[in-house]
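Hi everyone, thanks for coming.

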Amino acid sequence: MYTVGITGASGMPYAYRLLKYLAGRRIPVELVISDPAWDVIRQELPAEAQEIEDREKWVRRHFGSTTRLWANTNWSSPIASGSAPSAGMVIIPCSMGTLGRIAAGISSSLLERGADVCLKEGRRLVLVTRETPLNLIHLENMARLVKAGATVLPAAPAFYHNPQSISDLVDFIVGRVLYQLGIENDLVKSWGSK
Ligand SMILES: Cc1cc2nc3c(=O)[nH]c(=O)nc-3n(C[C@H](O)[C@H](O)[C@H](O)COP(=O)(O)O)c2cc1C
């Protein structure tokens, strides 16, 4: 079981692709989405995914029954406790606001608490950050989180694999995220392979 958090940074195609991939492999996911993220989802996903009639129904429709959505204020969620088993958490995309609150240990939402739990339990925490340019506060927050055990994986796709489409660029980042979570995948070819 993995925890996935989605915050209001740009980069919703990364989150959508990751969740589709995990659902396709029937890997259980505990999902939490910040309020600002819902607005960015409406802006950035293709038209058919922009219709959000009911949040839980939307998640079920797109990612099936192995993905469970939690309200970002629901402290009874397993995400909130170190006693609930989890193989780690990815926040994709991760806003600078959420990054700063996690770095400060604020835990004012379930999503931030989930990240805090991962760090205190020594579990994998992958932050797919999206902002440019970066100010000193962003950089210091990243450094603080890396020192605490997190992995900062900027949403910065490479071009050496000769991408032909936006989905090639998205897959590059999602492949790297899956690799960080310990999930073998063929979304990105390893350097030197044919
Ligand atoms: C379309 C759109 C794109 C945004 N892109 C970013 C971004 O790339 N990085 C970022 O840190 N914030 C971005 N923001 C601002 C965040 O949504 C805002 O700071 C919000 O308070 C983040 O809250 P959250 O971290 O709880 O989701 C964007 C907002 C909108 C509406």
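I'll start with the overall picture, then go to the sheet, then to the ligand.

Two bits of housekeeping before that. This is a predicted model, so local features need pLDDT of at least 70, side-chain atom pairs count only at pLDDT 80 or more, and totals for chains, interfaces and linings use all residues. Residues are numbered from 1 along each chain as its sequence is written.

Okay, the overall picture. The protein has eight helices and six strands; helices here are DSSP runs of H or I with at least four residues, strands are runs of E with at least two, and both are numbered from the N terminus. If you read along the sequence, the pattern goes β-α-β-α-α-α-β-β-α-α-β-α-β-α. The C-alpha trace spans about 45 × 40 × 30 Å along its principal axes. For 194 residues, a compact globule would have a radius of gyration near 16 Å, and the protein agrees with that, at 16 Å. That radius is taken over C-alpha atoms, and the globule rule is 2.2 Å times the number of residues to the power 0.38.

What about contacts? Of those with a separation of 6 or more, 77% are between residues 24 or more positions apart; a contact means that two C-beta atoms, placed from the backbone, lie within 7 Å. And 39% of the 194 residues are buried. Buried means 20 or more other C-beta atoms within 10 Å of the residue's own, exposed means 12 or fewer, and partly exposed is in between, again with C-beta atoms placed from the backbone.

Strand 1 (residues 2-6) and strand 2 (residues 29-33), for instance, run parallel and are joined by five bridges, with valine 4 partnered by leucine 31 in strand 2.

Let's stop at strand 5. Why can we call it largely enclosed by the rest of the structure? Because five of the five residues in strand 5 (residues 125-129) are buried. On one flank, four bridges join strand 5 to strand 4 (residues 89-94), and the two run parallel. Methionine 89 stands opposite leucine 125 there. Strand 5 also pairs with strand 6 (residues 151-152), in the parallel sense, over two bridges, and valine 126 has threonine 151 as its bridge partner. To get from strand 5 to strand 6, the chain goes through helix 7 (residues 136-147), and this β-α-β crossover is right-handed. Right-handed means that, with the strands pointing away from the viewer, the path from the first strand over the helix to the second runs clockwise.

Last stop, the ligand. Which residues are closest to the ligand? Among the 16 that surround it, they are Thr7, Gly8, Ala9, Ser34 and Ser95; a residue counts as near if its C-beta atom, placed from the backbone, lies within 6 Å. Helix 2 (35-44) and helix 5 (96-103) are the elements that give two or more residues to this shell, and helix 2 has the largest share, five residues.

And one more residue of helix 2 to look at is glutamine 43. Glutamine 43 is exposed, with 9 other C-beta atoms within 10 Å. From glutamine 43 to isoleucine 33 is 10 residues in sequence and 15 Å in space, C-alpha to C-alpha.

Notes: Two strands pair if DSSP finds at least two bridges between them.
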